[in-house]
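Student: I would like to go through the aromatic rings in this structure. Please show it to me.
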Amino acid sequence: MKPHRLSAFVLASILLSFVRLPAAGLDGVWRLDDPKPWGVKLHTFISLHTKDGALTGGVYPNGSGEIPIRSAREEAGETVFAMDWGWTFHVRPEGENLRVKVVYGDGKTSAGLAVPATAAELQPPVAIPLPAERVLPDNGLARTPPMGWNSWNHFAENVDERVVRETADAMVKSGMAAAGYVYINIDDTWEAGRDAKGEILTNSKFGDMKALADYVHSKGLKLGIYSSPGPLTCGGYTGSFGHEEQDARTYARWGIDYLKYDWCSAGRVYPNALLRAGYQKMGEALLSSGRPIVYSLCEYGMGDVWTWGPLVSGNLWRTTGDISDNWASMDHIGFNQGALAPFAGPGHWNDPDMLEVGNGGMTPTEYRTHFSLWCLLSAPLMAGNDLRTMSDETRDILSNREVIALDQDPLGREATRAFARGGIEVFTKPLVDGSVAVGVFNRNASDTPASFSWVDAGLTRRAVGIRDLWRHLDLPVSEGFAGTLPGHSCVILRVKPVGIIR
Ligand code: GLA
C-alpha cells in the first residue's frame with residue numbers, strides 16, 4: 001500500500017502544480033483605459049492579491065465600487081476570474097503590464113493592456129459635508145406623472161445631439177407629443193470633465209447644449225439631462241460632486257427642464273444614511289437655479305426613498321434596479337410595486353424605471369401589458385425606444401390615449417392589487433370622475449381563464465358603463481368580468497359605477 005499511497009501523493013502534487021493559483025506577476029493595482037471617440041477616457045481598475053495559492057481582489061469598472069472576484073482558475077497560460085454581473089476576466093502579465101480580455105454576460109468581449117496604478121487611485125474622494133436635513137418646498141412641477149423619452153434603454157452611450165434633435169422631430173411627427181409626451185431626456189455619457197473654473201463640459205457628441213435646448217423648445221418640447229451626486233456617474237463620466245450649485249446654474253442657463261440624478265459613485269463617498277442629505281443638496285440647488293426643473297431621484301429604491309423623496313423637492317424616485325427589455329424583468333418590477341401606492345400623488349411619483357416598449361425583447365402583447373401596467377401604476381412614462389424608426393404598432397401602443405388618460409388622471413392615485421389568483425392579477429385605480437380603471441393581467445405564459453365580479457375587485461358601486469381601452473369599445477354592462485386571457489396579455493377596462501351595491 002505504501003508505494004501506491006506515495007504515487008497518489010506525487011500525482012496529486014503534479015496536478016496541483018498545474019492548477020496552482022495564481023500565476024506570478026499579477027499582484028497590484030492595474031488601470032485599464034477605455035478611450036472613447038468623443039474625447040473622454042474611462043478607466044477600469046483591477047486590484048489583485050495572491051496569497052497561499054488563492055487570488056482575491058476585484059474590479060472597479062468606470063469608477064464604481066469593488067466588484068469582488070468570485071472564483072479563479074488557470075487556463076491556457078492565463079488566469080481567469082469570474083465576477084458578479086456575469087463578467088469573466090482573462091489576464092496574463094506582459095512585461096510591466098497586464099494583458100486583459102473581458103467576456104461580458106452577453107458574450108461580447110473587450111481587450112486591452114492594463115498599466116500599473118497605485119492603491120491611492122482606487123480611493124474615492126473625501127466626503128464633502130452635506131446640509132442638515134430639512135423639508136424643502138414642493139417645486140410645483142409634475143402634477144401628473146412626467147411623460148417623455150429617455151436615451152438610455154435604447155442608445156446607452158450612443159446618444160448624441162443628432163439623435164436628440166431627430167427624436168424631438170419624431171416625437172412631434174409621430175403624434176406622441178400630441179398624446180402628451182413632453183420631455184426629451186439625455187441620460188448618461190454627455191459629460192467631459194470640467195474647465196479651470198469647475199464648469200461642467202459636454203463631450204464632442206454634444207456641441208452646444210443651449211442651442212440643443214432652444215431647438216427642443218422650438219418644437220414645443222422640454223429637454224432633460226442626467227448627473228450624479230458622486231464624483232462619477234454610473235457610466236464613469238463626470239458627476240456633480242462638489243459642484244451641485246454650479247451645475248444647477250449651468251443647467252438653468254442652458255435651458256434644461258428635467259434632471260435625473262443617479263446615486264452611482266456617491267455610494268463610495270457617503271453612507272446610505274446620507275442619501276436624503278445628498279439629494280437635498282441638489283434639490284436646494286435646483287430650487288435656487290431660477291428655472292423650473294423636474295427633479296428625478298435615481299437611487300434604485302434605497303433607504304425607502306418614497307418616504308422622503310417629496311421632502312427634498314423630488315418629483316419622482318426610482319423604486320427598483322434597472323429594467324431590461326425582457327418579460328421576466330418587466331414582470332418582476334411591474335407586479336411588485338403595489339405596496340408603494342400610498343406614496344404616489346400629484347407632484348411626486350414612484351418610478352418603476354423607463355419603458356422598454358418597442359425595443360424588441362418582448363412581443364407586442366407583452367409591450368401592451370408593460371405599458372398598461374405602468375399607466376395603472378401612475379408611473380412616469382419615459383419611452384425608451386428609437387422613436388425615429390419605430391413601427392406603427394409600437395407608436396400605437398405608446399400613443400393609446402385612453403390608457404394614457406389613466407396614467408395622467410388628475411387624482412393621481414396609483415393602482416393597487418385587488419387580488420391575485422393562479423397567475424391572474426387584478427389591479428384597480430380610482431379616477432377623478434368617479435370611474436375605476438380595472439386591469440386584468442395574465443402573468444402566465446399560456447391562456448388563462450379569469451372570472452370575477454366587480455365586488456370581488458373591490459368596487460362598491462354598480463357598474464353603469466364599461467369601456468375596453470385597447471379595443472376602444474363600450475361593452476355591455478355586466479356584474480363582473482369573464483374571459484380567457486392569452487399568455488402575458490391584459491384587458492384594461494374603465495368601469496363607470498353609480499349607486500351602492502347592496
Ligand atoms: C444607472 C441607471 C440607469 C442609467 C445608467 C446610466 O444604471 O439606473 O437608468 O441612467 O445608470 O449609466
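Tutor: This is a predicted model. One definition comes before the rest: a charge sits over a ring if NZ of Lys or CZ of Arg is within 6 Å of the ring centre and within 35 degrees of the ring normal.

Student: Why is the charged end of Arg421 said to sit over the ring of Phe419?
Tutor: The charged end of Arg421 is 4.0 Å from the centre of the Phe419 ring. The limit is within 6 Å, so the distance meets the definition.

Student: What makes Lys205 a residue over the face of Trp38?
Tutor: Lys205 is at 4.4 Å from the ring centre of Trp38, and the cut-off is again within 6 Å.

Student: How many aromatic pairs are there in the whole structure?
Tutor: A search finds 21. One of them joins Phe335 and Phe427, with 6.1 Å centre to centre and 50° between the planes.

Student: Why is the pair of Phe335 and Phe427 called tilted?
Tutor: Stacked needs planes under 30 degrees apart and edge-to-face needs over 60, so 50° counts as tilted. Phe335 is in the loop between α10 and β17, and Phe427 is in strand β20, 92 residues apart. Both Phe335 and Phe427 are buried.

Student: What makes the pair of Phe419 and Phe452 edge-to-face?
Tutor: The angle between the planes is 75°, and over 60 counts as edge-to-face. The centres are 5.3 Å apart, and the limit for a pair is within 6.5 Å. Phe419 belongs to strand β19 and Phe452 to strand β22, 33 residues apart. Phe419 and Phe452 are buried.

Technical notes. Residues numbered from 1 in each chain as written. Predicted model: local features only at pLDDT ≥ 70, side-chain atom pairs only at ≥ 80, totals over all residues. Heavy atoms only, no water. Phe/Tyr/Trp six-rings, centres within 6.5 Å; stacked < 30°, edge-to-face > 60°. Helix = DSSP H or I, 4+ residues; strand = E, 2+ residues; numbered from the N terminus. Buried < 20%, exposed > 50% of the residue type's maximum accessible area, 1.4 Å probe, protein only.
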